[in-house]
Amino acid sequence: PEDNVLHIGGIFPIAGEGGWQGGQACMPAANLALDDVNQQEDLLPGFTLKLHSNDSECEPGLGASVMYNLLYNTPQKLMLLAGCSTVCTTVAEAAKMWNLVVLCYGASSPALSDRNRFPTLFRTHPSATVHNPTRIKLLQKFGWSRVAILQQAEEVFISTVEDLEARCKEAGIEIVTRQSFLSDPSDAVRNLRRQDARIIVGLFYVVAARRVLCELYQQKLYGKSYVWFFIGWYEDNWFEVNLDKEGIPCTKEQMRLAAEGHLTTEALMWNQNNQTTISGMTSEDFRERLNKMLKEDGYDIDNNRYPEGYQEAPLAYDAVWSVALAFNKTMEKLNKLGKSLKNFTYTNKEIADDIYSAINSTQFLGVSGYVAFSSQGDRIALTQIEQVIDGKYVKLGYYDTQSDNLTWRNMERWIGGKIPQDRTIVKKLL
Ligand SMILES: CC1(C)CO[C@@H](CC(=O)O)CN1
C-alpha cells in the first residue's frame with residue numbers, strides 16, 4: 001500500500017565535466033542497497049524504502065534546484081543522500097530549514113565538519129583530514145621531524161593543510177616551508193629546493209600531480225635523498241598516462257624515475273578482510289554483484305572500463321543501510337508513543353531529532369568497513385599506506401587513528417638502501 005512507503009531523496013553527480021561524476025557507480029550501488037534492505041524482514045517491517053534520484057552533475061546550483069524539486073513535490077521525503085563536496089555544502093546548509101538529515105556518500109571537504117553550518121550532516125565518505133594522523137604517524141616512524149608542504153590552491157587542500165599544520169605543531173614536527181601553486185608548480189618546487197626540503201607532503205588533484213612529478217624530475221628533487229607523500233586515490237598508473245594530452249614535457253621513463261619510492265595515504269573504502277558484513281555479503285561479494293549490475297548498464301568492466309565513483313561505491317551502499325537502520329530505530333521509538341515516521345513533516349522538529357539521534361548512534365560493519373560517525377557527522381575510517389616499488393604500488397600497511405594502531409608489513413624500500421634523512425647532515429670535522 002502506498003502509505004507504507006518511506007521516501008528519501010537522492011542527489012547523484014552523473015553527467016557534466018567539473019568535479020567528481022561519482023554518481024555513475026554510486027547510484028547503482030545505492031539501488032542495490034535499496035533492494036537488499038527492502039528484502040530484509042527485520043528491517044522496517046511492513047514498510048518499503050523508496051529512493052527518488054536526480055542528477056546534480058556535481059554542480060551546486062543544479063543540486064539546489066534538484067533538492068527544491070524533491071522537497072516541493074510529493075511524496076514528502078524523510079532524508080536526503082548527496083555526493084560531491086560542493087553539492088553537499090549547498091544541500092546540507094539548506095536542508096536544516098526542512099529538518100532533514102543529509103547523508104553524504106561522496107564528500108571529502110574538511111569544511112563540512114562544522115556542526116554550526118551543517119547541524120544535520122552525516123557522511124559515510126571520510127574527510128580529507130583523515131590522511132593527516134597517518135602522515136604524522138609515518139613521519140614519527142621514520143624519525144622525520146622536518147617536513148615541507150606542496151599544495152595546489154584548492155579549498156579542500158587549503159583546509160587539509162591547516163589541519164596538518166596544527167597536528168605537526170602538536171607532534172613537534174617543524175614545517176620548514178609551505179608552498180602552493182594554482183596550476184604551474186615550477187616556482188613552488190624551486191622554493192622547496194632552496195629550503196633544502198627532503199620530506200615533502202604533496203596535496204593536489206591528479207592532473208596537477210603529473211605536472212609536479214615532471215617538475216621534480218627536471219629540478220632533480222627526487223631519488224634517494226627525497227621522500228614524497230602523495231594522495232593515494234589517483235588511478236594506479238596515473239604517472240604514466242595522459243602525458244601528451246596534458247602537455248607534460250617528460251617521458252614515461254622520466255616520470256617513473258621521479259615517482260619511484262613515493263608514499264601514499266588514502267582512506268579505506270572497501271572492507272579489507274573477508275568478514276561477512278551486515279548485508280550478509282563480504283566486500284568481494286558486493287564487488288561481484290556491482291560489476292554484474294554495471295555490465296548490464298553497459299560498462300566494459302572486464303576491460304577495466306569502470307564508471308567514475310567505483311572506488312566510493314561501498315560508501316553509497318552503506319549510506320542506504322545507515323538510513324534503513326536509523327529509520328528502523330526511530331520507528332521502534334515512535335511506535336512506543338503510538339506514532340510512526342509517517343507523521344514526519346518538514347516542520348516536525350521532534351521526529352527530526354529522533355532521526356538525527358538514531359543516525360548519530362548508528363554503527364555496523366558495512367562493505368566499506370566499520371561504519372560509525374564522529375560528533376561532527378564525519379565518517380570514522382581506516383587509512384591505507386602504499387609505496388611505489390619498481391613502478392608498482394605495494395601495500396605497506398594500515399592505520400587506525402582511533403586506537404593509534406599501525407599495522408605494518410615491513411615491505412618499504414628506500415633507494416640507496418637506507419631511510420632518507422629529513423635534513424643535510426653536516427659531519428663535524430674532528
Ligand atoms: C576520494 C575522492 C575522489 C575525493 O573527492 C570526493 C568528491 C568530493 O569531495 O567532492 C570523492 N572521493
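How are H7 and H8 oriented to each other, roughly parallel or roughly perpendicular? The structure is a predicted model, in which local features need pLDDT of at least 70, side-chain atom pairs count only at pLDDT 80 or more, and totals for chains, interfaces and linings use all residues. Residues are numbered from 1 along each chain as its sequence is written, and side-chain values use heavy atoms, with hydrogens and water left out.

Helix H7 spans residues 206-218 and helix H8 residues 252-259 (helices are DSSP runs of H or I with at least four residues, strands runs of E with at least two, numbered from the N terminus). Their axes are 9 Å apart and meet at an angle of about 85° (axes are lines fitted to C-alpha atoms over the stretch in contact, and angles run from 0 to 180 degrees between N-to-C directions). H7 and H8 are therefore roughly perpendicular to each other, a term for angles of 65 to 115 degrees. H7 contributes Arg 210, Leu 213, Cys 214 and Tyr 217 to the contact, and H8 contributes Gln 254, Met 255, Leu 257, Ala 258 and Ala 259 (contact means heavy atoms within 4.5 Å).

The ligand is surrounded by Trp 20, Cys 84, Ser 85, Gly 106, Ala 107, Ser 108, His 125, Trp 233 and Glu 312 (a residue is near a molecule if one of its heavy atoms lies within 4 Å of it). The side chain of Ser 85 places an N or O atom 2.7 Å from a ligand oxygen. For ligand nitrogen atoms, the corresponding distances are 2.9 Å to a polar side-chain atom of His 125 and 2.8 Å to an N or O atom in the side chain of Glu 312 (a polar contact is a pair of N or O atoms within 3.5 Å). Taken alone, the ligand exposes 330 Å², of which the protein buries 86% (Shrake-Rupley method, 1.4 Å probe).

Cys 84 lies in the loop between S3 and helix H3 (85-95) and has a positive phi, near 75°. The peptide bond from Thr 74 to Pro 75 is cis, with omega near 0°.

Technical notes
Polar contact = N/O pair within 3.5 Å; in protein donor to acceptor, adjacent residues only side chain to side chain. Parallel < 35°, antiparallel > 145°, perpendicular 65-115°, else oblique.
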